[in-house]
Amino acid sequence: MEKKMMYALVAVVIIVVVVAVAGAYVLMNSGGSGGGGVTYTVANATSLQYNAEVSYKGATPVLFNWTAKNVGATDMVLRIDLLGGASGNYTYIMDHGTQTAWLSNNGTWTNVSSDFTNQWNTWMGTGKPRTTDLDALATNWSGTGDYTYTNSATGTTIRFYNIAINPTLADSLFQPNT
């Protein structure tokens with residue numbers, strides 16, 4: 001790539017970033033109607049945390065704890081804890097920005113970064129259950145209490161509870177305990 005073209009591309013990226021940051025600043029400080037500030041929802045949250053009870057066609061539910069920071073950004077980090085009881089407990093930690101992934105099986109951590117794309121797409125790919133669940137939560141949850149829905153495509157019933165929009169999340173939550 002020619003230097004002039006590269007400089008032009010860098011300049012465009014910088015302008016886009018500056019405009020995005022300025023726009024975000026204005027939106028967050030505009031106060032909206034009544035001066036109360038921006039109302040955050042699942043759809044525009046920058047961090048999100050919830051528990052889910054997932055039952056496939058009436059089977060014994062599996063419990064999930066889902067935590068994400070920088071939601072929707074290229075540096076999104078995700079932690080999913082599967083509380084499988086007798087089947088074992090699993091934790092997935094994925095950092096989209098660094099393309100790293102870790103898996104814990106009953107407390108033993110394994111670096112699975114070499115398979116990052118597959119790991120990420122399994123949980124956050126278009127049309128995947130977690131993405132579909134988030135879309136349903138963003139579209140249908142009232143903003144308070146629990147929310148239950150059935151995914152007709154999979155026959156899975158999900159009850160979301162302990163939903164927290166924009167909680168303060170420690171960076172250490174997204175690090176394996178190795």
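## Strand pairing around β8

Two strands count as paired if DSSP finds at least two bridges between them; strands (E, at least two residues) and helices (H or I, at least four) are DSSP runs numbered from the N terminus. The model is predicted, and local features need pLDDT of at least 70, side-chain atom pairs count only at pLDDT 80 or more, and totals for chains, interfaces and linings use all residues. Residues are numbered from 1 along each chain as its sequence is written, and side-chain values use heavy atoms, with hydrogens and water left out.

Strand β8 (residues 156-165) pairs with β1 (residues 47-56) in the antiparallel sense over eight bridges. Within β8, phenylalanine 160 stands opposite alanine 52. Strand β7 (residues 147-151) also runs antiparallel to β8, joined to it by five bridges; here tyrosine 149 has isoleucine 158 as its bridge partner. Four residues lie between the strands in the hairpin of β7 and β8, where glycine 155 takes a positive phi near 75 degrees.

## Threonine 156

Threonine 156 lies in strand β8. Its relative accessibility is 11%, so threonine 156 counts as buried (under 20% relative accessible area; exposed is over 50%, partly exposed in between, with a 1.4 Å probe and protein chains only).

The side chain of threonine 156 makes a polar contact of 2.9 Å with the side chain of threonine 154. A polar contact is a pair of N or O atoms within 3.5 Å; within protein, one must be able to donate a hydrogen and the other to accept it, and residues adjacent in sequence count only if both atoms are side-chain atoms. Leaving aside residues up to four places away in sequence, threonine 156 touches Val54, Ser55, Tyr56, Tyr149, Thr150 and Asn151 (heavy atoms within 4.5 Å).

## Positive phi at two asparagines

Most residues other than glycine have a negative phi. Asparagine 106, in the loop between β5 (100-105) and β6 (108-111), has a positive phi of about 55 degrees.

Asparagine 162 has a positive phi near 50 degrees and is placed in strand β8. With a relative accessible area of 53%, asparagine 162 is exposed.
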